[in-house]
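Student: I'd like to learn how to read a model like this one. Could we go through it together?

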There are 2 protein chains.
Amino acid sequence: MNILVTNDDGIDSPGIMALVQALRTVGTVTVVAPDRQQSAVGHALTVSRPLRATKVRRDGVLFGYAVDGTPADCVKLGISTLLSERPDILVSGINHGANTSINIMYSGTVSAATEGMMLGVPSMAVSIDSLDYRTDCEVAARYAAEIASKLLSLGMPDDTLLNVNVPALAQEQIHGIKVTRQGVSGWEDNYERRKDPMGREYFWLSGNYLVRDTNTDSDEGAMKAGYVSVTPVRYRLTNEEFLTQLTTL
Amino acid sequence: MNILVTNDDGIDSPGIMALVQALRTVGTVTVVAPDRQQSAVGHALTVSRPLRATKVRRDGVLFGYAVDGTPADCVKLGISTLLSERPDILVSGINHGANTSINIMYSGTVSAATEGMMLGVPSMAVSIDSLDYRTDCEVAARYAAEIASKLLSLGMPDDTLLNVNVPALAQEQIHGIKVTRQGVSGWEDNYERRKDPMGREYFWLSGNYLVRDTNTDSDEGAMKAGYVSVTPVRYRLTNEEFLTQLTTL
């Protein structure tokens, strides 16, 4: 099985290292990842400037390609141009920081998996519930490899990817895998208003995350209760129920 | 009615000018828009640097704020910080270039409306089917104002926005408004491989758009047949049908 791996934390992040190592037990891994941190870029594409791809070697062998673009750029450039063979599956991550509830919308990690699905490659995103780069990703990587090994046999619809969120816990503290819904937790926006050394005003985003999901049916709730959360996320967005009511226009 | 207007083509684009003018017949308009073109940024947020907002005056009065960020940044900063009153509705556009089918995923215009909904403000995105900045946006702006005036009475679910696409036609050539589904047209990726003056390789995205929708039930099909397409787009992404089948994990 040929596996394309990407992320949004950049090709040097510990999360992608752990993921690649675990996935090598499942198939042949090729990495195409951003050359630097790309958090909160969502599904951005680079259209107004060219991209560069640099071969990255580790331990004397080709590890992958570092691209000066977004996660979605990496997937497009990888599948269309850099890879000699079309990947069988795509795994994006392991992201440092959960991608649950509303955060799916902003996530470069999830958007890379969305782009994979849009290009017809069964895809999954993996995140760990810790923003600390020193957090060990081995347990999360093992779960990622286990789910990746089953990805082709799940009968995933072609508009749906799997969004996996793993607690930052030791193996024995994890209760297992739980299929969940996207939760409804969100951000309360706050911008700190400051002055620069020239006295000009600027704003810096510092939101508060409002946890509204405690039910283990939700991604957030399951993860916080010690489960590996797996959410089937679709990218066809029509609200079919409301569509039939929309007759007053 | 207080109306927040934003876009992704930037505060100086003809599309936003036409939209503001038309919406002034419906309510009080405040503009918070990017200070430059931000196409294909999707739902990107600026988190690693601060934002600046510059007051823009036109004809001696305050037109709005130009923000050095993405459309989603503009919505967040506008609603949380810059506006003295919470807007009743948000209108994003008028984008030069249709945002139909797969393009919804990449669209800064649509993402601004998604961000508005996520913050609880009924929102719509408006695009015109022409990439040419000289294309007259008056007809599209009139339709936008008409739909905006009804937005609060439609009973929109709180996870759903309206995505409006208007043909670049004269009023008498437009057949009316049609409620549609997101279509399935997509891009065939192509990266041109070139060498820079130093002989180093780079890649430039130049995809082919593959029209797969001709049915007027789809956004693309309706627009191409001369209708103003209105698609209810949701941002809660769980695939509920597949979730119940996902028992093999």
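Student: Which strands of chain A does α4(A) lie across?

Tutor: First, some ground rules: this is a predicted model, where local features need pLDDT of at least 70, side-chain atom pairs count only at pLDDT 80 or more, and totals for chains, interfaces and linings use all residues. Residues are numbered from 1 along each chain as its sequence is written, while chains are lettered from A and ligands numbered from 1 in the order in which they are written. Helices (H or I, at least four residues) and strands (E, at least two) are DSSP runs numbered from the N terminus, and a contact means C-beta atoms, placed from the backbone, within 7 Å. Here α4(A) lies across β1, β5, β6 (123-128), β7 (160-166) and β13 of chain A. Its direction is about 160 degrees to β5(A), with axes fitted to C-alpha atoms (for helices over the stretch in contact) and angles running from 0 to 180 degrees between N-to-C directions.

Student: What is the strand order in the sheet?

Tutor: Strands pair if DSSP finds at least two bridges between them. In chain A, the order is β3-β4-β2-β1-β5-β6-β7-β13-β8, an open sheet of nine strands with mixed pairing. β3 (53-58) and β8 of chain A are at the edges with a single partner strand each, so one side of each has no neighbour in the sheet. On average, neighbouring strands are turned by 25 degrees against each other, direction ignored.

Student: Is α3(A) buried or exposed?

Tutor: Count the other C-beta atoms within 10 Å of a residue's own, placed from the backbone: 20 or more is buried, 12 or fewer exposed, in between partly exposed. For α3(A), eleven of the eleven residues are buried, so the rest of the structure largely encloses this helix. Among them are A:V110, A:E115 and A:M118. Just after α3(A) comes A:G120, with a positive phi of about 85 degrees.

Student: How many residues does each chain give to the contact between A and B?

Tutor: Chain A gives 55 residues and chain B gives 55 residues. On the side of chain A that touches chain B, β13(A) gives the most, with five residues.

How values were computed. Contact = placed C-beta atoms within 7 Å.
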